[in-house]
Amino acid sequence: MVTYPRILLLDEVTSGLDSTSAKEVMSSIRTLAVAEGMIVLATIHQPSLETLAQFINLLMLAEGKTCYSGPVEDLEGYFERWGKPVGKFVCILSTLLLFVPSSDRSRDQHTPAEHAMNFLNNDFIDSNESKGASVHDLREYYLSTIKTRDAPLISTEDELEDSSPDDEAADELGKAGPLGTLFWNTVVLSERSSKNYSRNLLAYGVRAGMYGGMGLMLATIWIRLGHKDSTINDRLSVHFYSVAFLAFMSVAGIPGFLEERSVYYRETKNGLYTTLPFLISNTLVNMPFLFACTVFFTLIWSAYGGDRFLAFLFLAILVAESQVLVIAAFLPVFVAALAISALYVVFYNARTKIADSVKQH
């Protein structure tokens, strides 16, 4: 709850609490949900009338099937329409029940939730049948009510079995196509990645500081080279090492990627999205950061400057970042991925330098 999630799942949050404490807990959660725009899904057992009133919608299940789904305030009317009304509420101490007429004492004296449990609980079938109804009767009545609605809140197993081809075609109208699914998955993943990166300012601030420090070091070398023809090779070396050093620093992105990778595997196994939107969103979010670091690095030693060099440097860093992430994807161990990535970047840059030297000679 400290992170203010969009959806908050609570499992029997009031277990072990007295009625007053349970009411205060749910009241605080409701206030927080309204203030922060959160969706709260909670399972709760035997709530008091005050606790039940903190909820907006209620879902009652029996044997895994829906027996009621709708507003909490409509629960009492639901049972009245079914012909099994909730008994008169008598909030009184047991010692004062002597003053209640016997005719009233014979009636159910409980909340709508407790009244519903008389029919939802199958552990005491004989007791339910003595009331003239069972969970199956409640289930049949619920199915009869949702037929009059335009769209039920929850699709049930029986409805799916009885659905016609026209109903299936109508359901498909609310689903996005492959391109729409790809687009929205990418948007959501990009938004989440951006939020995660904004909360991890230290890690990305360190990387930006590393780029700035390297640019400052190379700038001190650049300003001492002069403008003689004999320093052409030295200038080429400075340009080469500026690209090589920044590409080598791409290994700093391995820890964050490994964390995202574990989340990716868990969510793709649950069928939330595929690999393509994950790759696209990761690239789209990383590109602005890498470009900003490239500009920051270039501005420090802008004696040469030039948009062309900035473009080449950015593309080189982007390629190095992608290569490192590919290695980390195959080796999800930080130390191993760091060692292999560093070796590959050094080997790649050394091969490029040797090839340039051979061409010059």
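## Salt bridges

Glu-24 is partly exposed, at 42% relative accessible area, where buried means under 20%, exposed over 50% and partly exposed in between (1.4 Å probe, protein chains only). The side chain of Glu-24 meets that of Lys-23 in a salt bridge, at 3.7 Å from N to O; the term denotes a side-chain nitrogen of Lys or Arg within 4 Å of a carboxyl oxygen of Asp or Glu. Lys-23 is likewise partly exposed, with 26% relative accessibility. This is a predicted model, in which local features need pLDDT of at least 70 and side-chain atom pairs count only at pLDDT 80 or more, while totals for chains, interfaces and linings use all residues. Residues are numbered from 1 along each chain as its sequence is written, and side-chain values use heavy atoms, with hydrogens and water left out.

The structure holds 3 salt bridges. Side chains of opposite charge can pair when their charged atoms come close. Arg-81 and Asp-74 form one of these bridges, with an N to O distance of 3.0 Å. Arg-81 is exposed, at 51% relative accessible area, whereas Asp-74 is partly exposed at 28%. Glu-267 and Arg-192 form another, their closest N and O atoms being 2.7 Å apart. That pair links distant parts of the chain, with Glu-267 in helix 13 (residues 254-269) and Arg-192 in helix 10 (residues 178-199), 75 residues apart. Helices (H or I, at least four residues) and strands (E, at least two) are DSSP runs, numbered from the N terminus. Glu-267 is buried, with a relative accessible area of 14%, while Arg-192 is partly exposed at 32%.

## Overall composition

The secondary structure of the chain comprises 16 helices and 4 strands. Of the 361 residues in the chain, 34% are buried. Among contacts with a separation of 6 or more, 63% join residues 24 or more positions apart; a contact means heavy atoms within 4.5 Å.

Helix 5 (residues 112-120) has 7 of its 9 residues buried, so it is largely enclosed by the rest of the structure. Its buried residues are Pro-112, Ala-113, His-115, Ala-116, Asn-118, Phe-119 and Leu-120.

## Surroundings of Tyr-141

Tyr-141 belongs to helix 7 (residues 135-146) and is buried, with a relative accessible area of 15%. Apart from its neighbours within four places in sequence, Tyr-141 contacts Tyr-78, Arg-81 and Trp-82. Arg-81, which also takes part in the salt bridge with Asp-74, lies 60 residues from Tyr-141 in sequence and 9.6 Å from it in space, C-alpha to C-alpha.

## Packing of helix 13 on helix 14

Helix 13 and helix 14 (residues 275-300) pack at an angle of about 155°, and their axes are 12 Å apart. Axes are lines fitted to C-alpha atoms, for helices over the stretch in contact, and angles run from 0 to 180 degrees between N-to-C directions. The angle makes helix 13 roughly antiparallel to helix 14; angles under 35 degrees count as roughly parallel, over 145 as roughly antiparallel, 65 to 115 as roughly perpendicular and the rest as oblique. The crossing is right-handed, the near helix being turned clockwise from the far one by less than a right angle.

In this contact, Phe-257, Glu-260 and Tyr-264 of helix 13 meet Thr-275, Phe-278 and Asn-282 of helix 14. By class, the contact has 3 nonpolar, 2 polar and 1 charged residues. Ala, Val, Leu, Ile, Met, Phe, Trp, Tyr, Cys and Pro count as nonpolar, Asp, Glu, Lys and Arg as charged, and the others, Gly among them, as polar.

## Packing of helix 10 on helix 14

Helix 10 also packs against helix 14, at an angle of about 45° with the axes 8 Å apart. Helix 10 is therefore oblique to helix 14, and the crossing is right-handed. Helix 10 contributes Leu-182, Asn-185, Thr-186, Leu-189, Ser-190, Ser-193, Ser-194 and Tyr-197, while helix 14 contributes Leu-276, Pro-277, Phe-278, Ile-280, Ser-281, Asn-282, Leu-284, Val-285 and Asn-286. These residues divide into 9 nonpolar, 8 polar and no charged.

Thr-186, located in helix 10, is buried at 10% relative accessibility. Leaving aside neighbours within four places in sequence, Thr-186 is in contact with Pro-277, Ile-280, Ser-281 and Leu-284.
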